[in-house]
Amino acid sequence: MTDVEVVYEELIPESSENNPEPSQTGADGDTAAPSAGEDAHCAPSCLKMMDEKLHPIEEQLQYLLNKADEFQTQLIHSGDRLQSEGFACVVPTFLHTCEPYFTYLESTARNSSPDRTPLPTYIHSRLLQFSEQLCSRLEQLLVMYASFGYLCLEEENPLCISHFCIGQCQVYNIRLSIFRYCLPSPFLTSTDSGLYKRMRWNVERVRETEGGEGRQEEKKERGMGGTQVAEGAEKEEKKEERLEGEQDSTTEYYFLCCEDVPVLEGGDAVREMRAEDRAVRMWSIGQWVQTYPDPETEDIYEWVLCTVPQGQYRELLCLGEEEPSSCIATDCLLELLLSQTGPSSNARTT
């Protein structure tokens, strides 16, 4: 059992009465992603117990927030530019230091499987709040260092820090890696499409390889055939499974994007508005669909000669005018991926 699984078990209340929230299903009986916005209806003693379980996790959050404050204080109050530049070099390392904590929060809160007991909604919500709080603080830190000229957030610069990882999780067969852009960045750096990305999700759909049940039976038989033989066969099997996984693995890319949509209705009222107010910023979740080079092509020259891949932003879900938090956006994507409805056909070439 991994360390994450051990801590996960510690977060489960001992009594089922303390975890009254049933597993969530959609209107058609489909499994839906857990929601972070619901309240667990627990007695005060139950909430106190869960807060105690969350305390060491919150202490780790506070430690990372304090480190971010130290970096910011150094930047603002230090008159030594060389020292500030030194801290700017440490900031990328600090981002990597935060990744395991983000992954712990996301995986503990979201990981789902048929045989896994769901977390109480209160704990689920609090873990995602911790993630949101740290994500927001790191964004502020990076933007501030960039405003002083110590970091670059523009993707055109190969040395930029335009985004950072805020965790990984697996919900049933969907494996998610989550990234947050410090500022809305052009969807493509080579052209201005009017579309700006705020988050990216790398999505892998885990496939069970054929013969999986047969392998389980083989494992049982090996267990009776001697320790050395069993260990050697197990190592060989793991190698085969890893190679099969690499062959079957395909990654899909989804984005949280925004664009300014012109206000077309309103007559004189619209004409009297300032130019910058004549558009509404709309948010959506969509998928990157590559069109050139053909992802299925075996012609290596198409890839070698292509300077910038071309594709379409396929809008799947319109979220309206309000920018969602990173956790809410991930909730929306998971609900979308777990639903049985087909994707929207609103595709545009970018």
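Visitor: How do you know that the span of helix α4 (residues 121-147) agrees with its number of residues?

Guide: Happy to walk through that one. This is a predicted model, and in it the end C-alpha atoms of α4 are 39 Å apart. At 1.5 Å a residue, its 27 residues should span 39 Å, so the two values agree.

Visitor: And what follows α4?

Guide: Gly 149 does, and its phi is positive, near 85 degrees.

Visitor: What makes α9 mostly covered?

Guide: Ten of its 13 residues are buried, a word kept for residues under 20% relative accessible area. Among them are Cys 327, Asp 331, Cys 332 and Leu 337.

Visitor: Why is Thr 297 called partly exposed?

Guide: Thr 297 has 23% relative accessibility, so it counts as partly exposed. You will find Thr 297 in the loop between β5 (279-292) and α8 (300-305). Setting aside neighbours within four places in sequence, Thr 297 contacts Glu 302 and Trp 303.

Visitor: Why is Tyr 172 called partly exposed?

Guide: Its relative accessible area is 33%, so Tyr 172 also falls between those limits. Tyr 172 sits in the loop between β1 (163-171) and β2 (174-186).

Visitor: What is the phi of Tyr 172?

Guide: Positive, at about 55 degrees, although Tyr 172 is not a glycine.

Definitions and conventions. Residues numbered from 1 in each chain as written. Predicted model: local features only at pLDDT ≥ 70, side-chain atom pairs only at ≥ 80, totals over all residues. Heavy atoms only, no water. Buried < 20%, exposed > 50% of the residue type's maximum accessible area, 1.4 Å probe, protein only. Helix = DSSP H or I, 4+ residues; strand = E, 2+ residues; numbered from the N terminus. Expected span 1.5 Å × (residues − 1). Contact = heavy atoms within 4.5 Å.
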